[in-house]
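Student: I have a model open here and would like to talk it through with you. Could we start with how its parts meet?

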Amino acid sequence: MSLKSFGAKIFAKNIRKKIDKWASKPEATQEKVFQELIEKAKDTKFGKDHDFKNIKSYADFSKKVPVRDYEELRFYVDKMVAGEEDVLWPGKPLYYAKTSGTTSGAKYIPLTKDSMPSHINAARNAILCYIAETGNAKFVDGKMIFLQGSPEMEEKNGVKLGRLSGIVAHYVPSYLQKNRMPSWETNCIDDWETKVDAIVEETRNEDMSVISGIPSWVQMYFERLQQKTGKKVGELFPNFDLFIYGGVNYEPYRSKFENLIGRKVDSIELYPASEGFFAFQDKQTEKGMLLQLDSGMFYEFIKADEFFDENPKRLTVGEVEMGVNYVMLVSSNAGLWAYNIGDTVQFTSTNPYRVMVSGRIKHFISAFGEHVIAKEVEEAMQEATAATKARISEFTVAPQITPKNEELPYHEWFIEFEKEPEDLAKFSKTLDESLQKQNSYYFDLIEGKILQPLKISRVPENGFQQYMKSIGKLGGQNKLPRLANDRKIAEVLEKIIKA
């Protein structure tokens, strides 16, 4: 055992103890964070506008601070970006994480001196919890790759801005710098396909032990490796035994990954976003990710099916239930307040608090009142691929409201198969029955002959990559929506299928 891996094991045990301490006192931990946030921000413009000096409790806060998304907070963000200080948080931000907004063009999410450590420590702690649980630390001696955005940054009125993953790249600890790949120059390549090819050339002869990134884009890297070398990823990298991912659910990709690798590898799920690093998988044997209650973020939750009501009830962490779909709000030491991040989550445990991402509040299908969410279509896909030994590269779902020939409407599943199912009819039936089993509204619509069972449209090889390229979102941190309540994506995919 190397000195580095020995040290990692000792450090991991200490960190695990600290995590267990705050995780065992969730409500007290969140109350402490809440009071610190209010106290520190009371003299900011936002704090003065919302009478923070007279907020003594969460009940006061929920009355004085309404739920907002980016557009509704933009008045304050624009002042900050223009160079004003003490707007949402004391002083100026360290960075802006620049993301693409759906309605507002670029979004600038502040990262502050207080919030930045939580982004770094959460990723580190996820790995340390894995070491503490499994005793496996040998991977720290191998090479590690993080597929991410460019670390190059611009500047706006004295504050640097860039992609979150690129900003975080500047904080890789010195003891990992020698192990980390790809090179700085390769990471700065903007064109994703060129970048992946360069990463393949840099890494194909290295001893890779940890690989990290959004599954869909790591898949592309693995496929290029196999094309270049004719070998399975696990054969190329015999010491590769840990895959770290975030952004989308890994399960629909798992069978394809295991085929590309040639064996099973352990995985750690992360829940990072520009607005905060919210959770990470702390146990290999437990479902869900540990909610970061001690990281300068105060959480609120609204039941997803009540979210669009006039005055939906806002809940703190002590009031949530397992298995309910919630919209998650965050107030943070980055200067976000009762901020709707757009994600929906479900609790898989309340002792300690673990969550899984169930979808986006704007990404669902309810063209007929069925309220289908991402978690449900992903679980249906897992069942169908397992039942028919199929492997998929990518998929998305859209409603077909006006089919031809006076047919009943249906859900259309656009699927790019890496390996066709042994029996397509069985695959389709398993998908549909799984969705009916999970979603009573969908079951009733099928049973009542309002909808007919789903239909599958095969997308040609690399068809989803063509789609992402066509909208300028190939690679990096960009993710394909699992489902939509309209046919905007479906219409582009139809053209790709016909081409």
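**Domains, sheets and salt bridges**

Tutor: Domain 1 and domain 2 bury about 2,400 Å² between them, with 50% of that area on carbon and sulfur atoms. Please keep in mind throughout that this is a predicted model.

Student: Where do the domain bounds fall, and how many residues are in contact?

Tutor: The domain assignment gives residues 1–361 to domain 1 and residues 364–498 to domain 2. Across the boundary, 30 residues of domain 1 are in contact with 25 residues of domain 2, while the centres of the two domains, taken over C-alpha atoms, are separated by 28 Å.

Student: How many salt bridges are there between domain 1 and domain 2?

Tutor: The count between the two domains is 1 salt bridge, whereas a search of the whole structure finds 33. Lys-469 forms a salt bridge with Glu-193, and the closest N and O atoms of that pair are 2.7 Å apart.

Student: What about Asp-20 and Arg-16, how do their side chains meet?

Tutor: They also meet in a salt bridge, at 2.9 Å from N to O. Both residues belong to helix α1, which covers residues 3–23, and because they are 4 residues apart in that helix, about one helical turn separates them.

Student: Changing topic, what is the strand order in the open sheet of 11 strands?

Tutor: The order is β6-β3-β7-β8-β9-β10-β11-β15-β14-β13-β12, and the pairing is mixed. The edges are held by β6 (180–181) and β12 (297–303), each of which has a single partner strand, so one side of each is left without a neighbour in the sheet.

Student: Which strands does helix α6 lie across?

Tutor: Helix α6, residues 116–134, lies across β8, β9 and β10 (276–280), and runs at about 15° to β10.

Student: What is the strand order in the open sheet of 3 strands?

Tutor: That sheet has the order β16-β17-β18, with mixed pairing. Here β16 (391–400) and β18 (455–458) stand at the edges with a single partner strand each, so one side of each has no neighbour in the sheet. The twist averages 25° from one strand to the next.

Student: How many bridges join β17 to β18, and which helix packs on the sheet?

Tutor: Strand β17 (residues 410–419) is joined to β18 by 4 bridges, and the two run parallel; Phe-414 has Ser-457 in β18 as its bridge partner. Helix α18 (residues 488–498) packs on the sheet and touches β16, β17 and β18, its direction making about 50° with that of β17.

Note on methods: Residues are numbered from 1 along each chain as its sequence is written. This is a predicted model: local features need pLDDT of at least 70, side-chain atom pairs count only at pLDDT 80 or more; totals for chains, interfaces and linings use all residues. Side-chain values use heavy atoms; hydrogens and water are left out. Two strands pair if DSSP finds at least two bridges between them. Contact means heavy atoms within 4.5 Å. Axes are lines fitted to C-alpha atoms, for helices over the stretch in contact, and angles run from 0 to 180 degrees between N-to-C directions. Domain bounds come from an automatic or database domain assignment. Buried area is the accessible area (1.4 Å probe) that two parts lose on being put together, summed over both. A salt bridge is a side-chain nitrogen of Lys or Arg within 4 Å of a carboxyl oxygen of Asp or Glu.
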